[in-house]
Amino acid sequence: MSEKDLNYKVVFNSEGRYSIWPDYKEIPLGWTAEGTTGNKQYCLDRISIVWTDMRPKSLRDSLDS
């Protein structure tokens with residue numbers, strides 16, 4: 001199976017960090033499916049739209065307090 005044939009899921013963790021994960025693999029502990037699936041570029045494009053603040057959630061929260 002080549003990379004272009006793979007489907008991915010967009011996943012995120014409790015710190016608000018995003019990544020992609022192969023659709024056929026179980027999502028690792030600590031990560032949650034965001035709901036977007038598709039080819040690699042489609043998922044990376046989705047991440048570029050939703051992940052606009054690269055700071056970890058804990059840092060954002062502490063700066064907002």
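Guide: Start with Trp 51, which is buried at 17% relative accessibility (buried means under 20% relative accessible area, exposed over 50%, partly exposed in between, with a 1.4 Å probe and protein chains only). Keep in mind that this is a predicted model, where local features need pLDDT of at least 70, side-chain atom pairs count only at pLDDT 80 or more, and totals for chains, interfaces and linings use all residues. Residues are numbered from 1 along each chain as its sequence is written, and side-chain values use heavy atoms, leaving out hydrogens and water.

Visitor: How many aromatic pairs does the structure hold?

Guide: A pair of aromatic rings is described by the distance of the centres and the angle of the planes. Here there are two aromatic pairs (rings of Phe, Tyr and Trp, the last by its six-membered ring, with centres within 6.5 Å; planes under 30 degrees apart are stacked, over 60 edge-to-face, the rest tilted). Phe 12 and Tyr 18 have ring centres 5.8 Å apart and planes at 35°, so that pair is tilted. Tyr 18 and Trp 51 are tilted too, at 6.0 Å centre to centre and 45° between the planes.

Visitor: Which parts of the chain does the pair of Tyr 18 and Trp 51 link?

Guide: Distant ones: Tyr 18 is in strand β2 (residues 18-22), while Trp 51 is in the loop between α1 (40-50) and α2 (57-64), 33 residues apart. Those elements are DSSP runs numbered from the N terminus: helices are H or I with at least four residues, strands E with at least two. Together, Phe 12, Tyr 18 and Trp 51 form one aromatic cluster.
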